[in-house]
Amino acid sequence: MGKLFASLVIFVCSLFASEENYTLGQGYDIKNTPMKIGGYISAESYKEKASSSYSMEDIALLVYGDLTPRISVMLELEAAGFYNRSYGIGNSESFNPDFAVERGYVDYMVNDSINLRVGKFNTPAGFWNAMPINILRQTTSNPWLAMNIFPRFTTGTMLNGLIDDDTYEYAVFIQKTPDLDKRYKNIDASDFVGGELKRSFSEHLVIGIAGGEFKNAGDSNEICRYFNLSGRYRNGGLEILSEWAKSFDLYRDAAFPIGNGHKDASYIQAAYRIVDKNYAIFRNEFYHDSQTKDKGTINTIGWNYKPRPAISLKAEYQFNSNTDRNSAIMSLSVLF
Amino acid sequence: MRNIVFLILLSIHLSFAGDLVVVANKNSSLSNLTKKDVVDIFLKKRLFINETKIVAVNLPASNHIRANFEKNFLKMEPDELADYWTEKHYYGVTPPIIQQSTDGLKAFIKHVDGAIGYIDRDKVDSDLKIVYQNTK
């Protein structure tokens, strides 16, 4: 798969290297087709008290386009942890050329209010999960909430669209099949149903509510329900993001030794453009997992330098309530 | 004195440059769009109006009419728009298609149902209809 991917990238780049209308971060037009091809990379360095690492964290390929005025397709192949070199505890070097289907879906759009999506897609829950790649975010790290409460991806069918012009944005989805590609999943779910409703209160402020229920594919006795509240305020060079989420692990078998558990987490993040192309970021987050007894707060301060819209150089430091986990993170990400 | 003349000429130029209108095919079902409709269409937040699939048409990035449109209609700076389309690329959404000149844009609109573009008011002809004009 890795060799196939590399060959494909080289082939495509050679075909379009002379593309006159190419804009970095907006993909190549594949000539004589309605398709575009692009991708992204992310290189990261991570240092905490007992260890450090350098990695080519993500390499991904995007192919998408409108096959007809109403039908469009999207395919995203990604190798997570493409190369990693760790020092200190767990001193190691690893190479993972294993490209997985991160997203792969077909859209049939009836109108702006009704779009039918079939395949694997980002689970509609909050704002962070809608922008899961480094280049689109203000920090390299993800809030605990985004990785631990609900499955980041869903394989199934989704109905989504706009209501009342674009005052409301809704999505409802159902998954009844195995995942299209289980690699790199944060939670292996099956029998997943859920939805989200977002409302724009102005051109600056959007509030959303989401929820769902899924089975843990690794434990047929476990059902998990989650709720997510989210808000985003954008005005000029200021962006404030906040989410609160809670999940309940419910066991059908009352004799199950672990018993019911719950997780809850929240974050609020402010990013402000200090000077042109430079953003200062502060994020405060809280997390709690009742089963693992893991509980804490994380304060993150960071800087995001974007010399071009598709290039981001980030540096951040995380102050964790468990000080052994304090960490310094840097990254370079590019969308092409 | 020379500065005053320059400012007057500049004002006249800006006034003229600001007189853009949004047009569609004269047989199009599109009519009387709101400013929000126009913004949503050119940012591809909305793709349909009255069940008609909309095809937004841009002029090249270097074109002064486009710069005027983006500044006065979309109210967005070039960097802001570049950020916007970079984010949209991840979601599989591409910027509006480009025609190289006003004549090319007019010809495209005349032949494609649902096509919509912006031109100077004095370039509107009988094959086009104005669907939005900036009343300021």
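Predicted model: local features only at pLDDT ≥ 70, side-chain atom pairs only at ≥ 80, totals over all residues.

Biologist: Start with the interface. How many residues of chain B are in contact with chain A?

Modeller: On the chain B side, 21 residues are in contact. They meet 36 residues of chain A.

Biologist: What area do chain B and chain A bury between them?

Modeller: About 2300 Å². Carbon and sulfur atoms account for 50% of that.

Biologist: Which three residues supply more than any other three to the area that chain B buries against chain A?

Modeller: B:Phe48, B:His89 and B:Tyr90. Together they supply 36% of what chain B buries there.

Biologist: And the polar side? How many salt bridges are there between chain B and chain A?

Modeller: Six salt bridges. There are also nine residue pairs in polar contact across the interface, both residues being at pLDDT 80 or more.

Biologist: Which elements of chain B give two or more residues to the side that touches chain A?

Modeller: Helices α2 (35-42) and α4 (78-90) of chain B. α4(B) gives the most, with eight residues.

Biologist: Give me one cross-chain salt bridge. What does B:Arg46 meet in chain A?

Modeller: The side chain of A:Asp112, at 3.7 Å from N to O. B:Arg46 also has a salt bridge inside chain B, with B:Asp37. That one has an N to O distance of 2.7 Å.

Biologist: Are B:Asp37 and B:Arg46 buried or exposed?

Modeller: Both B:Asp37 and B:Arg46 are buried.

Biologist: B:Asp37 is in α2(B). Why is α2(B) described as largely enclosed by the rest of the structure?

Modeller: Because six of its eight residues are buried. They are B:Asp37, B:Val38, B:Val39, B:Asp40, B:Ile41 and B:Phe42. After α2(B) comes B:Lys44, which has a positive phi near 60°.

Biologist: Zoom out. What is the secondary structure of chain B?

Modeller: Five helices and seven strands. From the N terminus the order is α-β-α-β-β-β-α-α-β-α-β-β.

Biologist: What share of the residues in chain B is buried?

Modeller: Buried residues make up 43% of the 136 in chain B. Now take its contacts between residues at least 6 apart in sequence: 73% of them join residues at least 24 apart.

Biologist: Back to charges. How many salt bridges over all chains?

Modeller: The structure holds 29. One of them joins B:Arg66 to B:Glu70, at 2.7 Å from N to O.

Biologist: How are B:Arg66 and B:Glu70 placed in the helix?

Modeller: They sit four residues apart in α3 (residues 64-74) of chain B, so about one helical turn separates them. B:Arg66 counts as buried at 14% relative accessibility. B:Glu70 is buried too, at 10%.

Biologist: Which residues of chain B are linked in a network of salt bridges?

Modeller: B:Lys26, B:Lys106, B:Lys110, B:Asp125 and B:Asp127.

Biologist: Over to chain A. What does A:Lys185 form a salt bridge with?

Modeller: A:Asp179, with the closest N and O atoms 2.7 Å apart. A:Lys185 is buried because its relative accessibility of 16% is under 20%. A:Asp179 is buried as well, at 8%.

Biologist: Now rings. How many aromatic pairs over all chains?

Modeller: The search finds 21. Take A:Phe214 and A:Tyr226: the ring centres are 6.4 Å apart and the planes are at 45°, so this pair is tilted.

Biologist: Where do A:Phe214 and A:Tyr226 lie in the chain?

Modeller: A:Phe214 is in strand β11 (residues 205-216) of chain A, and A:Tyr226 is in strand β12 (residues 222-235). They are twelve residues apart. A:Phe214 is buried at 4% relative accessibility, and A:Tyr226 is buried at 0%.

Biologist: Which cluster do ring pairs link them into?

Modeller: One made of A:Phe121, A:Phe150, A:Phe173, A:Phe192, A:Phe214 and A:Tyr226.

Biologist: Last topic, charges over rings. What lies over the face of A:Tyr105?

Modeller: A:Arg117, at 3.9 Å from the ring centre. In another case, the charged end of A:Lys198 sits over the ring of A:Phe127, 4.2 Å from its centre.

Terms used. Residues numbered from 1 in each chain as written. Chains lettered and ligands numbered in written order. Heavy atoms only, no water. Phe/Tyr/Trp six-rings, centres within 6.5 Å; stacked < 30°, edge-to-face > 60°. Buried < 20%, exposed > 50% of the residue type's maximum accessible area, 1.4 Å probe, protein only. Lys NZ or Arg CZ within 6 Å of the ring centre and 35° of its normal. Contact = heavy atoms within 4.5 Å. Buried area = accessible area lost by both parts, 1.4 Å probe. Salt bridge = Lys/Arg side-chain N within 4 Å of Asp/Glu carboxyl O. Polar contact = N/O pair within 3.5 Å; in protein donor to acceptor, adjacent residues only side chain to side chain.
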